[in-house]
Amino acid sequence: MIPGSLLFISMLAASGGDVIHAQQEVAGATLTIEIRQPVDDEKAEKLIEWLCDTARLVNQAYGRFPNPAPRIVVIPSARNSRDGDKAVIFGRVTRRGQETVELFINADRPIDEFYSDWTATHEFSHLMLPLLSQRYRWISEGFASYYQNILMSRSGRYTPELAWQHIGDGFGRGEASRPELTLNEAATSGIRDARMKIYWSGAAIALLADIQLRQRSEGRQSLDSVLGQLQQCCLPSSRRWSGVRLFEKLDSFLDKPVFMPLYRQFADTRGFPDMQPVLQSLGIRLGSIEAALDNQQPLSSIRRAIDHSIE
Ligand SMILES: [Zn+2]
């Protein structure tokens, strides 16, 4: 049974085939969901339930979905790619008109695999920031990569140990990716092989900001609360923002800036933020599959507040 009051599924004519259409109230938002064919009705119902559950999971950042009326399009894809066996092959956000999350899926995969796949959480997390220009892609991808892991942990889809292992592994991959480039250079057109730098340098900045916010406010503020204020004032936004404008806006919610000092320290600096001492202070020791977590380190309680192993 799908929770919510507004669910209706109907077959609508659409160019290129039928679409299963549903509307669902979740986390203060009305999700308009389209499931392209071929997907049988039973699987479609399970996919709708999964999307609603994932929207509720994103709700755990600041208590509501970042866009009150997003469109979500699920597209079965028969692409023969190296990811072809994954439940969700890839996703993206488009912002022409209504903000839309597109998820290309392998409809044959069991529904359990959709719940353990991070892609939908990543794409939904993108909605917590406005569209940023290309140069600042490291911020949009980085914040989504950070949130995809901590939200999967908060919801119980990942253990905290797995979430932090993914984050720590990501930092390692980011550090190895094009170290001669600055963060602002990494997403410049024509630059190759900088994908991991783009995805994980911004995640490192998100973690550094989150720690500072929690430390200086003794837990009253966090990246969650600041992004909640951004949503309240400015989202969804039809404009393309610069990273500087975004960080200045986030700082405007604070007594003392956090984001622009991090920007000035790292955005035009080569290499990658040194995250090893930070992980150590948080009590995270990386393993091969899951991190070992230590509650006796100086920032252990902040780590647990981030992953919600303590509220
Ligand atoms: Zn992304």
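**A first look at this predicted model**

Morning, everyone. The mean pLDDT of this protein is 92, and 92% of its residues reach 70 or more. Keep in mind that this is a predicted model. Over residues 1–16, pLDDT stays under 50. For that stretch the model has 28 contacts beyond four places in sequence.

Now the overall picture. We have 12 helices and eight strands. The radius of gyration is 19 Å, close to the 19 Å that the globule rule gives for 311 residues, so the protein is as compact as a globular protein of that length. Its C-alpha atoms fill a box of roughly 55 × 40 × 40 Å along the principal axes. Of the 311 residues, 44% count as buried. Take the contacts with a separation of 6 or more: 61% of them come from residues 24 or more positions apart.

Next, helix 1. It covers residues 41–58, 18 residues in total. From first C-alpha to last it reaches 26 Å, close to the 26 Å expected at 1.5 Å a residue. Which residues of helix 1 are buried? Among them are Ala 44, Leu 47, Ile 48, Leu 51 and Cys 52. Thr 54, Ala 55, Leu 57 and Val 58 are buried too.

Last, strand 6, residues 100–105. It pairs with strand 4, residues 71–76, in the parallel sense over six bridges. There, Val 74 has Leu 103 as its bridge partner. Strand 6 also pairs with strand 5, residues 88–94, in the antiparallel sense, over six bridges. Here Thr 94 is partnered by Thr 100. Strands 5 and 6 form a hairpin with five residues between them. In the turn, Gly 97 has a positive phi of about 75 degrees.

Notes: Residues are numbered from 1 along each chain as its sequence is written. This is a predicted model: local features need pLDDT of at least 70, side-chain atom pairs count only at pLDDT 80 or more; totals for chains, interfaces and linings use all residues. Two strands pair if DSSP finds at least two bridges between them. Helices (H or I, at least four residues) and strands (E, at least two) are DSSP runs, numbered from the N terminus. The expected span of a helix is 1.5 Å times one less than its number of residues. A residue is buried if 20 or more other C-beta atoms lie within 10 Å of its own, exposed if 12 or fewer, and partly exposed in between; C-beta atoms are placed from the backbone. pLDDT is the predictor's confidence in each residue, from 0 to 100. Two residues are in contact if their C-beta atoms, placed from the backbone, lie within 7 Å. The radius of gyration is taken over C-alpha atoms; the globule rule is 2.2 Å times the number of residues to the power 0.38.
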